[in-house]
Amino acid sequence: MDELTERILQLKAEKDAVILAHYYVPGDVQDIADFIGDSYYLSKIAAQVTEKVIVFCGVAFMGESAKMLNPDKVVLMPDLKADCPMAHMVKIRDIKKIRETYEDVAVVCYINSTAEIKAHADVCVTSSNAKNVIAALPNRHIYFIPDEHLGRYISHQLPEKTFLFNDGYCPIHTSIRVVDVLKMKRDLPQAEILAHPECKEEILDLADFVGSTSDLVAYTEKSPSQDFIICTEIGVIHEMEKQSPDKRFHAPSVGQVCPDMKLNTVEKIIYALETFEPAVEMDESLRIKGLQPLERMLVLAEVKTHAQL
């Protein structure tokens with residue numbers, strides 16, 4: 001055990017802290033986390049942990065969500081500058097206009113969004129649970145924000161719903177190019193192509209499997225294939241290699257790195273635990289408004305729908 005890891009273990013015990021980390025943060029941060037996973041898994045864990053302090057290694061909206069679910073806990077982030085560009089790609093005025101136009105619309109907000117946007121939504125979703133949550137809604141019209149690509153992917157699975165889309169996207173996922181994926185497939189014809197639904201539809205059309213980061217990890221464990229072309233942020237490859245050390249994982253694009261996620265470091269975690277800074281703070285009225293769609297997500301995600309039968 002190195003000195004940094006030993007110091008973190010000591011601080012966690014002293015401060016009654018738990019460390020949550022997304023698959024996209026650096027590998028050494030994933031290694032010292034108590035829980036790693038996608039946004040849905042981590043949101044459930046954040047609502048269940050008993051520790052007084054949560055260190056959330058991810059980006060701003062994740063820390064905000066943890067604070068909404070745990071107002072009496074201290075929520076720390078290694079770096080508050082770690083943000084998600086897509087989280088800001090929707091305007092409140094557009095939400096209001098849609099509500100005025102469609103009486104039965106449900107505003108479905110991808111968890112990758114700011115607290116202010118969540119406060120104007122009916123329910124939140126993640127890439128893991130979006131289909132189940134939306135299928136469980138009584139509304140026919142679905143305004144999906146902020147990510148157009150995930151919204152379109154889910155819309156194909158729920159043809160009974162009428163989807164309205166927002167012009168938002170993840171810069172990392174949309175930077176993955178068909179030409180690069182096809183070139184890698186030519187070099188590795190035996191490889192399976194795996195893609196996150198934040199990718200463009202033309203990438204999803206090439207994929208052998210589409211799913212959330214946790215879905216992708218699980219798929220690589222079960223698949224008999226030895227080579228995989230990974231169309232998502234490359235941080236997830238760290239967990240794939242840990243779970244399947246005999247398999248090979250390839251990223252088709254040099255742009256598959258989220259600079260914000262990489263702001264999370266082991267040294268910053270130690271500083272956060274030592275100083276209780278930077279802490280996530282939130283206006284109470286905003287927290288309450290943003291909490292409602294989050295809590296509704298956690299309930300509806302577990303509902304068994306006809307689409308699953």
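Predicted model: local features only at pLDDT ≥ 70, side-chain atom pairs only at ≥ 80, totals over all residues.

Reader: In what order do the four strands form the open sheet?

Author: The order is E6-E5-E7-E8, with parallel pairing. Strand E6 (123-125) and strand E8 (162-165) each have a single partner strand, so one side of each lacks a neighbour in the sheet. From one strand to the next, the twist averages 30°.

Reader: How many bridges join E7 to E8?

Author: Four bridges join them. Histidine 141 stands opposite threonine 162 in E8. Helix H5 (residues 92-101) lies across strand E5 (106-110), E7 and E8, and runs at about 175° to E7.

Reader: Is threonine 213 buried or exposed?

Author: Buried means under 20% relative accessible area. Threonine 213 has 1% relative accessibility, so this residue counts as buried. Threonine 213 is found in helix H12 (residues 213-222). Its contacts, leaving out residues up to four places away in sequence, include His22, Asp38 and His196.

Reader: How is empty space found?

Author: Rolling a probe the size of a water molecule over the atoms shows where empty space is left. Here, the largest pocket holds about 320 Å³. Its lining has 30 residues, with Tyr24, Asn112, Cys170, Glu198 and Met261 nearest the centre. By class, the lining has 16 nonpolar, nine polar and five charged residues.

Reader: Which helix gives the most to that lining of the largest pocket?

Author: H9 does, with three residues.

Reader: What about the second largest pocket?

Author: The second largest pocket holds about 160 Å³. H8 supplies the largest share of its lining, three residues. That lining divides into four nonpolar, six polar and two charged residues.

Terms used:
Residues numbered from 1 in each chain as written. Heavy atoms only, no water. Pairing = 2+ DSSP bridges. Helix = DSSP H or I, 4+ residues; strand = E, 2+ residues; numbered from the N terminus. Axes fitted to C-alpha atoms, helices over the stretch in contact; angles between N-to-C directions. Contact = heavy atoms within 4.5 Å. Buried < 20%, exposed > 50% of the residue type's maximum accessible area, 1.4 Å probe, protein only. 1 Å grid on protein atoms, 1.4 Å probe; cavity = no way out; pocket = protein on both sides within 12 Å on 5 of 7 lines; lining within 4 Å. Points joined across faces, edges and corners; volume = space filled by probe spheres on them. Nonpolar A, V, L, I, M, F, W, Y, C, P; charged D, E, K, R; others polar.
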